[in-house]
Amino acid sequence: MSLLLNLANTFLYMVNTYIVVPTADDYSLSLGAPATVCGVIIGSMAVAQVFSSVYFSAWSNKSYFKPLIFSSIMLLLGNLLYALAYDLSSIAVLIIGRLLCGLDSARAVNRRYISDCVLLKLRMKASAGFVSASALGMACGPALAGLLQTKFKIYSLTFNKNTLPGWVMAVAWLIYLIWMWISFKEPVHDFEENHFPQDSGVVGQSEHGIVQSLLISESKDDEEDERDYDESEEASVKSHEPASSISSAYKLLTPSVKVCNFSNQSLKIDIFIILDSHSLKVQLLICFMLKYAMEILLAESSVITTFYFSWPSSSVAIFLAVLCLTVLPVNAIVGSYLTNIFEDRQILLASEIMLLVGVILSFRVTGPYSVSQYISSALITFVSAEVLESK
């Protein structure tokens, strides 16, 4: 149940992030701000999340229950401010509400819980559940916004397509808070207790078995190490030879490197350092640029489609929901099929090229800007960014 609550937290937070995307430009206009302020409204939550990751990670060293409770309460207040900004006619209150939601993101706690508290045999499934919950939240957010196309008033409070996302998410976080308070169980943080049996005879037998296993496999390991060294030396010599064509140059890309190898028979651990400082900077730059391109695509979708195609908010919501749903099949294809055929570096390079193609296609150069051009460029850009993020 505690794992399910963490996954539900991930799902709700992603819904909270993207539920405002289809109507953010209309909300800005209703408060007297330009439509392009929607980028600030959408992006402020992600910017604030940079800071929340730091103190929530530190807090999770002592507790998981308390940061999740605190996050739920503050997200409830943040969404209330977002909804009340319409009646207060204040763009500042609107942005403060979104900042408050980002400052109380518990995604770092959700990841920490999976890595620390989930059994090893279930950890891969839990990680896959985390990714799936995030993807479903991205899709359900815009889809839910498309359903909230109504308008009514209760006393002096206005409920319309702009404020309903805030009201709905406030109610959702209230329900989650009650569920969390009743069902969540704080795991034991002292992981050093009761890990090993105290029976000396059992321990002696285990040590004897391990030593015997090591002695049996020692000669095999030496042979494998020598063979791996010869193959790596041969590959290194070939990699320094000049490429004779573009295809041969593409094959000379540095292959993916195994980080850790745990052998069940010999308990040997091989650790390789795979990134120098330059490679690390490149990887961080790739992560930044793919998120930059993805968030621009999502944030400007309502402005672009309204200006060029006169799409209503419901159509924008359906488009974004379908676009975000591509995350699940794309990750499945890349994870189970493409990674078995191509090297990681090759997939990364191809994805970066396709991402560039998608961005270029999104510009209007000559002639009218068609719906097919926009949808094609958005699909290429989003899918390529997702492939990069999954790698």
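**Entry 1: the nonpolar patch**

Patches are made of residues with over 30% relative accessible area and no salt bridge, where nonpolar side chains (Val, Leu, Ile, Met, Phe, Trp, Tyr) are joined within 5 Å and like charges within 9 Å. I'm working on a predicted model, where local features need pLDDT of at least 70 and side-chain atom pairs count only at pLDDT 80 or more, while totals for chains, interfaces and linings use all residues. Residues are numbered from 1 along each chain as its sequence is written, and side-chain values use heavy atoms, with hydrogens and water left out.

I looked up which residues form a nonpolar patch on the surface. They are Val47, Val50, Phe51, Tyr55, Leu99 and Leu103, with about 530 Å² of accessible area together (Shrake-Rupley method, 1.4 Å probe, and for residues only the protein chains shown count as cover). Two or more residues each come from α3 (38-59) and α5 (91-103). Helices here are DSSP runs of H or I with at least four residues, strands are runs of E with at least two, and both are numbered from the N terminus. The largest share of the patch, four residues, is from α3.

Then I picked out tyrosine 55, which sits in helix α3. I noted it as partly exposed because its relative accessibility is 34% (buried is under 20% relative accessible area, exposed is over 50%, partly exposed is in between, with a 1.4 Å probe and protein chains only).

**Entry 2: salt bridges**

How many salt bridges does a search of the whole structure find? I got two, each being a side-chain nitrogen of Lys or Arg within 4 Å of a carboxyl oxygen of Asp or Glu.

Lysine 161 is partly exposed at 26%, and aspartate 26 is partly exposed at 22%.

Arginine 112 and aspartate 116 make a salt bridge too, with the closest N and O atoms 2.4 Å apart. These two are about one helical turn apart, because they are four residues apart in helix α6 (residues 107-117). I noted arginine 112 as partly exposed at 26% and aspartate 116 as partly exposed at 28%.

**Entry 3: transmembrane regions**

I checked UniProt, where an unreviewed entry lists "transmembrane region" at several spans, including 164-182 and 347-365; such annotations may be inferred rather than shown by experiment. Residues 164-182 are 100% helix, and their end C-alpha atoms lie 27 Å apart. Residues 347-365 are 79% helix and 0% strand, with end C-alpha atoms 29 Å apart.
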